[in-house]
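My entries follow in the order in which I made them.

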Amino acid sequence: MCFKNLPVEFDSEGRPYLRDDVRDPYGTERSPDLNGGSISTLSRDQIEDLLARNGHIQQKNFDPVTRVAGALAFHSVVDLEERKVLESRSVATLFRGYEIIMMGRDPRDAIYITSRACGVCGGTHSGTAALATEMAIGIRPPPMGIVLRNMLSVLEYLLDMPLHLFMLAGPDFSENVIRKTNPEIWDLATRTEAPHANVHGYATMGELMTDMNALSGSLYLEALGMTRVAKEAYALIGGKFPHPQTMVPGGVSATVSISTMNEIYLRLQQFFDYAKKTAAIYDDICDFFYDANPRYRDVGRTPANLIDLGVWDDPEAYDATYENCNEWGEKRWATPGAIVDGKLVTTKLQNINLGMEEFIDHSFYEEWEGQAFKTDPLGAPLSPHHPWNKETKPRPQAPNWREKYTWSTSPRWDRMPMDAECTARMWTTAAAQLMPENPYIEPTGHSLKLLLPAGRMPEMELEWKIPDVWNAFERDRGRAYCVAYTALVGLNTWHQGMELMKEGRTDVSAEYKVPKGQQLGVGFWGAGRGYVSHHMMLDDGVVTNYQIITPSTINASPRDPWGTPGMYEIAALNTPILENSAADKFQGIDIQRSIRSFDPCMPCTTHVHTDQGVVTREVNTCACGADD
Amino acid sequence: MILVAGVGYQHLSDFSFGSVLVERMQEMEWPEDVCIEDFGWGPISILHWFEESPGRKFERAIFAGAIERGREPGNVYTYAWLSDKPDPEVVQERISEALTGVISLENLLIIAQHFEALPPDTTVIELEPVEQGWGSDMSEAGQQRLSETIQWIRNDVKARPRSNGNGRKEVRN
């Protein structure tokens, strides 16, 4: 069964329909079944009562950002005696408003305007806008255009992942941080042999952690260099990074020759060895922490509910139509899917689309009236909260924990909070076993086997296994393996491009006209960190609604109409405080690891209330302040 | 070579001071040893740019942009960038912002300084912004400062003697 909470069922031919025995089918009176993943939270009154009865914990008002750039603030109340998190709130502090900027514009502007929604994954937004535009105005890009777009995404992810793994999250596992927050673990690390020393070259975990140090560790500096390699390759097609100049509706406008392809390969192949090392490092880090203290399995733990739209189209299958989206979606190198409680419940893009709703009960927006579309273009039921029906009506106001406290909305799929992750795309692909046959990547149903070619290191087969617990460490481990997965999709894509060149099929874009009348489009795609969708409505060639959902909107979401927290908030609430520093030196490292594991794409600040006052840390940075 | 770089976002009124400045300067005649660049990019990308020629050739640099520091709005401030190593915690904080897409003159200077990418003789020009909202129009004071700043730069690159040699160390990667 695909949906447990939405009253949508399927007829004998698999077509979705709305049950007619449910009054107010999209009303919010009934609490959803969270598949055993319900989260017990204290009410704001209970928190305030607790704070009042424990006079040493102060209730303070504070500026949610420490610096101008802080776009995300994270608040928690921590009981240091019980070593647990009592309350957590995720706050997006900036209104960006791309949906409003897009209103009344030519749809072709979307590619260049929405690219600016992110300073890392601008190319993803460009590409997703191109997909939405193609569906709305009916353009099918030629195969080479699709291949080159796939390659752009590969290269963007290969920039994003190393910087997360070694420049943002990596320092959380470095000598400088662990010495201060958990000296007993550092002591153990210096005495523990690294199981994959033959791959990464570090004899002990201590040596490995020393090279994870921010600014000075060789793994940090190497990642800085690898981001450049990916950027150089990206610019060969995109013209520039992070906002490509060559993305157009119907393909790309870049001229690509054999020489360009070789230039790209020279850079892509550098990631094969890098991927081997990265996976080995994160395997050793995760397993070392689990062995050191099994309770690390609870750091950042959330229900295994993940969602992904898939990415990297089959150049012969993608036709940009909603009518065929289930077919071309399932032919992607990464299979679309929704995972609920660890189980894959659908791989159909239409079902993922139907199940998505966006709520604003705790967000700085006004409700919209009416419902523009009762059904999708195939006649399947759409919620009034669906992005095609949503309107963006900002209403700035002071944050109030009981009411509205963030600019992020609450996207929910089948009324459940979901995790948007690059690991989600490996999970769905591994479980579905639908990906096209190829020499390098094999989904087994419970794992992905990844055959990395020889470079300076010999050929090596890695195997990412679907984890039995979903937590901060597995998010980081998954992202490490995703370097290999992405690089191998890049290799497959490169072969496809060379084959098309050999056949003389070198057209990179299709001609088109913007039609009159009303059209709907949606771009189903993903950033390095996961799920990205753009929903577009056109009227006589003008944008009349535009809605963007990013992975950080999903992960950083506030509580929903039923009081269920978003994924950052759940991850922090489930995190045990294992930090072993003195109370007056408390850093909140466990909470930081849990939030950072989501790869938040915003500069983010954490505020942790303890009985020693408020600890404020930049969560997107390493915790190198811990070594003060 | 002397590098003159403007840093900022486009279409952000006075915060576009650096971008508009280099746009105007690029339309003018300058001595051959003056290189004018738009640095409205992420600081990490600029760090990578510095690793490459012509970055290695620069003996001097002038960076311009708008920064809000609570000074008299509409005034321009110039100063020599300090050569002390920045606090590592601050560097990592700024790198984090840079990696997540923030374009900032100060972040660029701090990051480039940490990685020893700046020429030894680096001057900063800052406009204290008057208008800070969206839009292509700068404030009247901001526009006036543009012309004055261009003249100041012209005088500066003419008047100040070149230092001998570069002196910067290579950027590690």
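**Salt bridges**

I found that D106(A) and R108(A) form a salt bridge, with 2.7 Å between the closest N and O atoms; the term requires a side-chain nitrogen of Lys or Arg within 4 Å of a carboxyl oxygen of Asp or Glu. I worked on a predicted model, in which local features need pLDDT of at least 70, side-chain atom pairs count only at pLDDT 80 or more, and totals for chains, interfaces and linings use all residues. Residues are numbered from 1 along each chain as its sequence is written, chains are lettered from A and ligands numbered from 1 in the order in which they are written, and side-chain values use heavy atoms, with hydrogens and water left out.

I then looked up D599(A), which forms a salt bridge with R479(A) at 3.8 Å between the closest N and O atoms. D599(A) lies in the loop between α19 and β19 of chain A and R479(A) in helix α16, so the pair ties together parts 120 residues apart in sequence. D599(A) is buried at 1% relative accessible area (buried means under 20%, exposed over 50%, partly exposed in between; 1.4 Å probe, protein chains only). R479(A) is buried at 0%.

**Helix packing**

I noted that α15 (residues 422–432) and α16 (residues 472–502) of chain A pack at about 70°, with their axes 8 Å apart. The two are therefore roughly perpendicular (65 to 115 degrees).

I recorded L163(A) in helix α5 of chain A; L163(A) counts as buried at 3% relative accessibility. Its C-alpha atom is separated by 9.9 Å from that of D599(A), 436 residues apart along the chain.

Key
Axes are lines fitted to C-alpha atoms, for helices over the stretch in contact, and angles run from 0 to 180 degrees between N-to-C directions. Helices (H or I, at least four residues) and strands (E, at least two) are DSSP runs, numbered from the N terminus. Angles under 35 degrees count as roughly parallel, over 145 as roughly antiparallel, 65 to 115 as roughly perpendicular and the rest as oblique.
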